[in-house]
Amino acid sequence: MDEKPMTSPMEEDGKKSFRYMSGFGNHFHSEAKKGSLPRDQNNPLVCPYGLYAEQISGTSFTTTRTHNQRSWMYRIKPSAAHEPFIPRVPSHEHLIGEFDNSTSKTTPSRLRWMPADVPDSPKDFIDGLYTVCGAGSVFLRHGFAIHMYAANKSMMNSALCNADGDFLIVPQKGKLVITTECGMLQIIPGEIVVLPQGFRFSVELPDGPSFGYVAEIFGTHFQLPELGPIGANGLAAARDFLVPTAWFEDISHPGYVVVQKFGGQLFTANQNFSPFNVVAWHGNYVPYKYDLNKFSPYNTVRIDHGDPSINTVLTAPSDKAGVALLDFVIFPPRWHVAEHTFRPPYYHRNCMSEFMGLIHGEYEAKADGFLPGGATLHSCMTPHGPDTKTYETAISKCDEDIGPSKISGTMTFMFESCLIPRVCKWALNSSHLDKNYYHCWINLRSYFNCEDTKNE
Ligand SMILES: O=C(O)Cc1cc(O)ccc1O
Ligand SMILES: [Fe+2]
């Protein structure tokens, strides 16, 4: 048999190559220079090549072994070699980490936003970020924020370090090349990337203007959902999660700026070298990416519409079993085969709150008005469901007409939380807010027919 050795997943983009390791929650090790990773201990008196050892802890030192996350980095200079932090000038007016009356409002209204415009001035990933809604507090280490970004410029000589929480980035348009302390990742729309709390990273936009969504979680990390009766396989496979391999630059960089997001505010610290100076690292606290097209959806094969939790890609747990601080759920291409069933999402009210975004195509519950790059928010117990056109189209067909039908050419997602989001003032005052969103349901007509004997 002609066996080829397994190689690590690799991507090329003309100028750069990206080499990954695979697996969710693994303990990885990677060295960009042979022999740079200490073999037998984390903290040798003198590290190979004269590197500094530095640990990054993503969980408390004493977190249980199953959930403990940390990595060791072996770097040319330690992160500590920077000037004092000062508040960033200009400050960032549209980033929020504390959701109270001064920053945001509470509303049960159904909200829908049209896609953002290309910024009219140069904006990098940091300046292009704006918070839409969220709940809780970065200080209390419990809560989440949902941001969106519209950026048209690569970050230059600067890195962002989010001390507040983990970022789950869902690009909608434009490729992102993200340099992290663990190495480089390339993410295109249809893929997602998780940048855990505390890692320094810099975002380049090789394709120009870029748009997307970001869920930020405070005080916990994403996990794969339990599979329960589904069994040992299905949904997102652990081996499809890709982690970068060590990459470093040894350059002095007078005026390199580290932007620290701390307590929802931005601070800066200057240093004279690139923070991407990690020659080797090992551990299980890592940035990673995942291609949503690899997801293996499960679905009803006889009757009724399954709850959307069946398509959970990642979940950030709360302290209550089965209740998520934030679930990341997708509505990917898949077959609908249910018999005598209303196949689109049902009408409902949910004790959880649902923020949705559309990467491309059309969402199965909204024939009109929910556009790629747009967003919706249906908060706790606020009634929602398919728009009038979707409802009428669905009930006009019988099983014989439709047979198995395929939802294709779309990728929609939902961030679902047990906390009730407060909405930022600028999001409520935005010219992109669709004031007529309720029109999609208001004219749903009554089909009630007292003569119908079926119900007797
Ligand atoms: O509201 C939505 O469109 C999301 C959703 C989809 C679905 O299939 C079932 C419930 C649900 O909240
Ligand atoms: Fe819903």
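The legends below describe close-up views of a predicted model.

In this predicted model, local features need pLDDT of at least 70 and side-chain atom pairs count only at pLDDT 80 or more, whereas totals for chains, interfaces and linings use all residues. Residues are numbered from 1 along each chain as its sequence is written, and chains are lettered from A and ligands numbered from 1 in the order in which they are written.

**View 1. The shell around ligand 1.** The residues surrounding ligand 1 are His-305, Pro-308, Pro-345, His-348, Asn-350, Glu-354, Ala-365, His-378, His-384 and Met-414. A residue is near a molecule or strand if its C-beta atom, placed from the backbone, lies within 6 Å of it. By class, the shell holds 4 nonpolar, 5 polar and 1 charged residues. In this classification Ala, Val, Leu, Ile, Met, Phe, Trp, Tyr, Cys and Pro count as nonpolar, Asp, Glu, Lys and Arg as charged, and the others, Gly among them, as polar.

**View 2. His-305 and its surroundings.** An unreviewed UniProt entry lists His-305 under "active site". UniProt positions are given in the numbering used here, feature names are shortened, and annotations may be inferred rather than shown by experiment. His-305 is located in the loop between strand S22 (288-291) and strand S23 (312-317). Strands (E, at least two residues) and helices (H or I, at least four residues) are DSSP runs, numbered from the N terminus. His-305 counts as partly exposed because 16 other C-beta atoms lie within 10 Å. A residue is buried if 20 or more other C-beta atoms lie within 10 Å of its own, exposed if 12 or fewer, and partly exposed in between, with C-beta atoms placed from the backbone. Beyond its neighbours within four places in sequence, His-305 is in contact with Thr-300, Ala-338, Thr-341, Phe-342, Arg-343, Pro-345 and Tyr-346. Two residues are in contact if their C-beta atoms, placed from the backbone, lie within 7 Å.

**View 3. The residues annotated as "binding site".** In the unreviewed UniProt entry, this annotation covers His-348, Glu-354 and His-384. They are spread over 37 residues of sequence yet cluster in space, the largest C-alpha distance being 11.6 Å. His-348 lies in the loop between strand S25 (334-336) and strand S26 (353-360), and is partly exposed because it has 15 C-beta neighbours inside 10 Å. His-384 occupies the loop between strand S27 (375-378) and helix H1 (388-395). With 23 other C-beta atoms within 10 Å, His-384 is buried. Leaving aside neighbours within four places in sequence, His-384 is in contact with Arg-110 and His-378.

**View 4. The contact between domain 1 and domain 2.** The chain is divided into domain 1 (83-276 + 285-292) and domain 2 (295-435), with bounds that come from an automatic or database domain assignment. Their C-alpha centres lie 24 Å apart. Domain 1 contributes 48 residues to the contact and domain 2 contributes 49 residues. On the side of domain 1 that touches domain 2, at least two residues each come from S7, strand S8 (111-113), strand S9 (129-137), strand S10 (142-151), strand S12 (166-173) and strand S17 (210-218). S9 supplies the largest share of that side, 7 residues. The residues of this side of domain 1 divide into 29 nonpolar, 15 polar and 4 charged.

**View 5. Strand S15 and its pairing partners, S12 and S22.** All 5 of the 5 residues of strand S15 (residues 191-195) are buried, so S15 is largely enclosed by the rest of the structure. Glu-191, Val-193 and Leu-195 point one way from the strand, and Ile-192 and Val-194 point the other way. S12 and S15 run antiparallel and are joined by 3 bridges; Leu-168 has Val-194 in S15 as its bridge partner. Two strands pair if DSSP finds at least two bridges between them. S15 also pairs with S22 in the antiparallel sense over 4 bridges, and Val-193 stands opposite Lys-289 in S22.

**View 6. Strand S19 with S11 and S20.** Strand S11 (residues 158-162) and strand S19 (residues 252-262) run parallel, joined by 5 bridges. Here Leu-160 is opposite Val-259 in S19. S19 pairs with strand S20 (residues 265-273) in the antiparallel sense over 8 bridges, and Ser-252 stands opposite Phe-273 in S20. S19 and S20 form a hairpin with 2 residues between them, and Gly-263 in the turn has a positive phi of about 65 degrees.
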